[in-house]
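I opened my notebook to look up charged pairs and a surface patch. Here is what I looked at.

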Amino acid sequence: METPETPDEELVARTQAGDARAFDQLVVRFSPRLYGLVYNMTSNHEDTNDLLQDIFAKAYRSIKGFQGKSSFYTWMHSIAVNMAINFLKKRNRRMTMSLDDVDNGIANDPEFIEATSDYDPRHQANLGELQKKLNEAMMKLSDEHRTVVTMFDIQGMPHAEIAKILKISDGTVRSRLFYAHRQLQNYLQEFITT
Amino acid sequence: MTPEEQISKLLRLKRYEQPRPGYFEDFLQEFQARQRAELIRRPLWEIAWDRLVSLAPAIQVPRLAYATIVALAVAASAVIIVRPGAPVSSGTLAANRSTLSLTSPHSVTIGESVPVTLTSTGSPSVHYVLPTRPVSYASSRSF
């Protein structure tokens with residue numbers, strides 16, 4: 001059994017040497033994070049599940065070519081983002097939302113309490129409605145803008161890491177975030193107090 | 001709080017959207033099953049090639065042997081495709097036909113040195129049309 005401390009590099013090296021169990025450990029380690037990335041880009045659980053399978057299958061096929069020039073984390077995220085963006089281009093307007101349940105912990109989150117308490121009481125704000133509105137607003141963004149918002153605001157990645165994964169400059173990341181936030185302010189006006 | 005900060009806070013709430021409990025355990029099993037299924041679906045030649053490559057170190061095949069085999073195969077293919085001295089294709093002949101006319105477009109009499117055609121290589125080749133039979137062709141016994 002692997003300890004959680006086994007470094008990614010060691011698991012990668014063992015996978016490259018033909019140890020499929022080492023790759024399983026990488027799947028366990030990376031799937032929750034990559035799930036969040038793809039799910040927030042697609043707003044669809046089934047699409048996310050299929051894509052995630054494809055992403056890990058591609059990573060497994062290509063891992064012999066991974067030379068460690070970037071971290072395995074960056075390499076995996078690059079594969080995931082590129083495949084998700086390609087998928088979104090193909091999916092185009094056929095999309096339907098299929099949202100995951102919201103964890104019960106949100107009810108105690110001060111940010112949630114604050115967001116819903118400021119909400120216009122005539123709309124009977126509730127969790128489901130907020131979730132739907134947030135996802136609808138996200139899906140109105142362009143794929144590129146949604147990607148940076150997902151990585152920065154939802155996943156909490158630093159600008160430099162996003163720039164490395166997307167192979168764009170730090171300035172481009174910041175500018176995409178600025179425009180995306182401005183658009184989201186328009187879509188989510190009812191939740192914002194001025 | 002600025003609107004920008006409020007947007008960031010709202011977006012952070014999306015972290016609470018999670019797949020059902022046990023999803024990630026099932027995901028790994030699904031991934032392993034899919035990997036096995038892909039192995040079964042792989043074409044025979046791909047499996048044979050992988051086995052050959054994995055056997056190579058055991059049978060001490062030098063690494064350069066593969067490159068040599070590939071280079072020989074490419075060279076052999078090139079020889080087959082471009083055979084030296086092979087007959088020119090009919091298409092090439094048809095293209096050259098216009099320049100290889102045996103008859104002159106206009107006759108000239110002997111003494112004139114007007115080239116009437118070009119060779120297939122483009123270099124001028126002088127032909128003459130004789131108005132009568134040359135004297136040398138006449139029989140010496142005729143009087």
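First I wrote down the rule: a salt bridge is a side-chain nitrogen of Lys or Arg within 4 Å of a carboxyl oxygen of Asp or Glu. I also noted that this is a predicted model.

Entry: network. I looked up Glu10(A), Arg14(A) and Asp19(A). Salt bridges link these residues in a network. I then took the count over all chains, and it comes to 11 salt bridges.

Entry: helix H6 of chain A. This helix covers residues 127–140. I found a salt bridge between Glu129(A) and Lys133(A), with the closest N and O atoms 3.6 Å apart. The two residues are 4 residues apart, so about one helical turn separates them. Glu129(A) is partly exposed, at 25% relative accessible area. Lys133(A) is partly exposed too, at 22%.

I next checked Lys132(A) and Glu136(A). Their side chains meet in a salt bridge at 3.1 Å, N to O. Both sit in helix H6 of chain A, 4 residues apart. Lys132(A) has 44% relative accessibility and counts as partly exposed. Glu136(A) is partly exposed at 29%.

Entry: Which residue does Lys133(A) reach with its closest N and O atoms 3.3 Å apart? I found Glu190(A), in a salt bridge. This pair links distant parts of the chain, 57 residues apart. Glu190(A) lies in the segment after helix H9 (170–187) of chain A. Glu190(A) is partly exposed, at 29%.

Entry: chain B. I looked up a nonpolar surface patch of about 450 Å². Trp45(B), Trp49(B), Leu52(B) and Val53(B) make it. Trp45(B) lies in helix H3 (residues 44–55). Its relative accessible area is 60%, so Trp45(B) is exposed.

How values were computed
Residues numbered from 1 in each chain as written. Chains lettered and ligands numbered in written order. Predicted model: local features only at pLDDT ≥ 70, side-chain atom pairs only at ≥ 80, totals over all residues. Heavy atoms only, no water. Patch = residues over 30% accessible without salt bridge, like charges linked within 9 Å, V, L, I, M, F, W, Y side chains within 5 Å. Areas by Shrake-Rupley, 256 points an atom, 1.4 Å probe, with all protein chains shown as cover. Buried < 20%, exposed > 50% of the residue type's maximum accessible area, 1.4 Å probe, protein only.
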